[in-house]
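Please consider the structure shown below together with its sequence.

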Amino acid sequence: MTGSAGDRRKPPAPPAALLAGAVADGLRTAGGRAGGLYLCSGTPGLLRLAVLSGLPGPLFRPWDRVTVDRPFPVADAYRLGVPVVLANATEAMRRYPQFAAGLPFQFGTLNVPVGAAGRTFGVMTVLRPAADDAAAVLAESDRLQRVAEYLGVALLRREAAGGGVTWDEDPLCVRPPAVGRAPGRFGHLTWDPATDAVTADGPVRTLLSLPPDREPDTLAALTRSVDPADAHRLPALLRETAHGRPPPQPVQVRLADGGLRLLELWPSAPAAPASGPRPVAGVLFDPGPGALADGAADLLPEGVFCLDRLGLVVYANPRAAHLLGVPRDRLVGRSLWDAVPWLDQPVCEEHLRGALLCPEPVHFHVRRPDSGEPRPYDAGSRDGRPGRDRPAAPRPYEGDWLSLAVYPGLDVLTCTAVPANRVPPAPAAGAGAPTPAGPVPEPPADPETGTPAPDLTASTAPPYRPIALAIALTEAVTARQVSAVVMQELLPAFGGRRIAIYLLQERHLYLAWESGFPEGFLAPFEGVALDARLPGVETLTTGRPLFFDSMEQIAEAYPGIPMDAAEGARAFLPLIASGRAVGSCILGFDRPRSFSSEERTVLTALAGLIAHAMEKAQRYDTEAALARGLQQALLPRRLSQHAGVETAGRYLAGTEGMEVGGDWYDVVEAGDGLALVIGDVQGHGVQAAATMGQLRSAVRAFALSDRPPEEVMGGTNRLLIDLDPGQFASCCYVRLDPATGLARVANAGHLPPLLRHPDGRTRVVDLPEGMVLGVDARARYAVAELRLEPGAVLALYTDGLVERPGHDIDDGIGALRAALAEAGALRGRSLADMADRLTATARQASDRPDDIALLLATRSAPPA
């Protein structure tokens with residue numbers, strides 16, 4: 001109840017006319033076949049598709065939600081605030097492999113952020129024909145950017161006036177601007193419920209078969225121009241639309257002479273805020289391509305039907321209606337998926353997507369479902385050709401296959417259908433046809449000749465989702481990263497709202513990741529043993545996925561199991577890799593739903609991908625823990641101490657890879673003084689840490705014998721060349737005399753130290769340049785001298801503390817210098833506190849690309 005009240009308090013979404021008009025302008029200016037508009041949703045970090053033009057909504061469902069941190073062009077355009085232009089499929093695969101795997105067709109895409117005054121509201125995207133390079137579409141990108149800027153200004157004004165600028169509803173599917181010439185086939189009309197006035201343009205009068213001087217100026221006049229059987233429905237539809245409840249798809253309207261028209265209605269935005277009914281706008285159009293063409297296509301032996309770019313059937317000949325198993329009058333004027341439900345399967349969706357996005361025709365085969373009764377191919381014909389009076393040979397509908405071909409057009413797709421076992425194999429799929437995947441059933445042999453039918457490479461599993469998940473999982477390294485990828489991929493793909501991943505450890509299941517469940521709900525399931533009777537346990541022990549359409553089914557199967565407030569469906573998937581149990585994955589849905597056989601197959605296959613990725617991540621986590629232990633063993637447990645010198649060191653591992661590297665620091669007794677050492681081995685990982693350990697031991701050995709700084713650097717350099725690890729290292733060596741404060745410094749390509757004087761002045765110590773270690777065996781290292789006064793602080797550091805991608809390293813050194821001056825001004829703080837302050841920002845960062853080492857030293861005043 002609380003959620004519903006919150007929804008009522010939210011400002012209304014932006015008007016559909018504003019958004020749809022902007023998308024139409026974008027398609028015209030950028031030469032696109034299809035496109036859409038993504039807007040920010042009420043969920044932080046989520047973009048939702050608000051308008052889709054030129055593609056049927058069911059075909060674009062996997063992409064109607066995009067998280068802003070996904071490697072997708074729409075997400076990058078929003079997050080970075082710059083256009084993302086992909087000229088062709090090759091460029092898309094190079095830059096966005098997940099996106100290209102989901103839409104493996106030859107087309108280009110333009111993605112432009114929509115915003116104004118520093119605000120970004122969403123992204124406008126246009127799908128267009130592929131080009132050879134990006135330069136060919138840059139002009140279209142510039143024009144599209146101007147359209148997006150106009151929309152951004154309009155949304156900014158709406159927000160300033162208190163209106164909503166977010167979108168949390170299903171996308172609006174609108175018809176794109178017509179490209180082909182169809183004079184007199186479309187007309188526009190409006191109806192004002194306040195005055196009952198109807199305004200119609202000339203094409204509407206033509207489509208209603210009215211004289212040019214007669215206009216339907218009222219709702220009653222408009223009703224009299226249609227068939228009496230539809231006259232009673234029209235006023236009700238208009239009133240429902242005026243109250244914000246338009247029909248979900250164009251409605252069929254019969255004329256008095258029997259002609260068929262389609263009417264699309266939507267409420268228009270009022271001039272001022274109002275609570276009453278709103279004016280209604282509509283488009284009336286003729287779905288047929290013309291009487292002459294109709295008559296010609298009606299005589300063809302093949303099935304022919306035409307779809308507009310929203311999936312609406314605008315024409316079908318009698319043969320197509322028969323092959324599809326739907327009466328002709330119930331096929332034309334309806335969505336293909338509503339009229340022929342058994343075509344609502346992934347293989348058909350994938351090929352239709354290709355035909356809508358690419359200019360090449362596509363060919364594929366589809367198996368018709370069992371009708372439960374014998375059925376001839378065509379009444380009065382054995383071979384399917386009209387005009388024969390031979391009786392039909394009854395054949396069972398079970399196992400019948402159709403060969404479908406889809407020929408793209410600018411405004412209409414033309415589809416042909418023939419029985420698959422009476423034609424030669426279809427031509428090789430063009431660039432727009434996806435590669436089938438997965439096993440397929442064998443089609444039946446020809447009943448007359450007994451010869452096998454052609455190899456029909458059809459698949460009922462959608463290839464794009466497993467491929468996209470597999471590509472995303474290759475970028476995940478740790479178990480948490482794998483879990484995050486699973487959440488981002490599976491939940492939007494299947495409409496889930498909750499996810500929990502449990503991993504098996506010592507015959508108990510422990511929660512590794514969860515999202516969407518009520519706080520504390522999963523606590524009773526933490527650490528459950530494998531003998532517990534719970535669906536999450538039994539799916540792992542039996543290896544069978546469990547699907548429940550509702551929570552009531554779970555309660556019946558597992559009496560007494562704790563339930564959350566949601567009444568939706570649940571899917572429990574076993575995570576098994578190479579026959580070894582890894583864990584289980586739970587998907588939760590807000591509403592009851594059933595799982596089709598295709599969805600069950602795909603989810604089971606995805607569970608195998610997740611299990612292998614999680615097993616690899618667990619091995620990585622174990623190896624990373626061992627590597628971190630190795631590095632901690634190589635770093636000094638404690639620093640050598642001297643009565644007159646205080647030191648403090650800090651080390652932070654990088655967050656990329658195994659979080660181990662080659663940075664180190666050390667304090668070594670050198671005769672009657674101290675040696676301060678800082679170094680950085682090139683690269684990361686176990687090899688860099690091992691080389692670091694060898695160099696640290698070498699420097700300590702030279703320092704303990706109290707060699708001069710130049711000999712320490714020279715000897716270490718020759719040792720590294722002899723070891724030949726294929727790496728080089730930088731190092732700064734300071735030999736400090738605690739009694740006098742004299743410091744002699746040798747530098748091998750390392751960053752210069754910082755010195756803070758007792759009065760607060762801080763400077764960069766100017767040192768002679770020296771060759772990095774491991775490059776030239778004849779390198780010589782000059783020595784510089786400086787004086788460390790009592791109370792002064794000497795800071796040695798590695799580049800991870802001052803270097804950031806895209807920023808000059810001198811700016812980073814300057815920032816550290818200022819921080820050192822500020823930290824040293826705090827009286828009563830120890831040197832350890834100062835080291836913590838200097839590394840606090842880096843410690844809190846989640847993305848440290850490099851290791852960080854810091855060593856501070858200060859000298860106390862000698863006793864009187």
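Strands β5 (107-116) and β6 (119-129) run antiparallel and are joined by ten bridges. Helices (H or I, at least four residues) and strands (E, at least two) are DSSP runs, numbered from the N terminus, and two strands pair if DSSP finds at least two bridges between them. The model is a predicted one, in which local features need pLDDT of at least 70 and side-chain atom pairs count only at pLDDT 80 or more, while totals for chains, interfaces and linings use all residues. Residues are numbered from 1 along each chain as its sequence is written, and side-chain values use heavy atoms, with hydrogens and water left out.

Within this pairing, Gly-108 has Arg-128 of β6 as its bridge partner. The two strands form a hairpin with two residues between them, and Ala-117 in the turn has a positive phi of about 55°. β5 also pairs with strand β4 (residues 84-86), in the antiparallel sense and over three bridges; here Thr-109 of β5 stands opposite Leu-86. Why is β5 described as largely enclosed by the rest of the structure? The reason is that nine of its ten residues are buried, where buried means under 20% relative accessible area, exposed over 50% and partly exposed in between (1.4 Å probe, protein chains only).

A cavity is a set of points, on a 1 Å grid over the protein atoms alone, where a 1.4 Å probe fits but cannot get out; lining residues have an atom within 4 Å of a point. Grid points are joined across faces, edges and corners, and a volume is the space filled by probe spheres set on the points. By this rule there are nine cavities of 30 Å³ or more. The lining of the second largest cavity divides into 13 nonpolar, five polar and no charged residues. In this classification Ala, Val, Leu, Ile, Met, Phe, Trp, Tyr, Cys and Pro count as nonpolar, Asp, Glu, Lys and Arg as charged, and the others, Gly among them, as polar.

The largest cavity has a volume of about 270 Å³. Of its 21 lining residues, Phe-525, Pro-535, Ile-561, Phe-572 and Ile-586 lie nearest the centre. Two or more lining residues come from each of α17 (535-542), α18 (551-557), β24 (570-577) and β25 (580-588), and α17 gives the most, with three. By class, this lining has 17 nonpolar, two polar and two charged residues.

Two single residues complete the account. Ser-41 is placed in the loop between β1 and β2 (46-53) and counts as buried at 8% relative accessibility. A polar atom of the Ser-41 side chain lies 3.1 Å from the backbone nitrogen of Thr-43. Leaving aside neighbours within four places in sequence, Ser-41 is in contact (heavy atoms within 4.5 Å) with Leu-46, Arg-48, Thr-166, Trp-167 and Asp-168.

Val-313 is found in strand β14 (residues 313-316) and is buried, with a relative accessible area of 0%. Beyond neighbours within four places in sequence, its contacts include Cys-306, Leu-331 and Leu-336. The C-alpha atoms of Val-313 and Val-412 are separated by 9.5 Å, although the two residues are 99 residues apart along the chain.

Note on methods:
On a 1 Å grid over the protein atoms alone, a cavity is a set of points where a 1.4 Å probe fits but cannot get out, and a pocket is an open set with protein on both sides within 12 Å along at least five of seven lines; lining residues have an atom within 4 Å of a point. A polar contact is a pair of N or O atoms within 3.5 Å; within protein, one must be able to donate a hydrogen and the other to accept it, and residues adjacent in sequence count only if both atoms are side-chain atoms.
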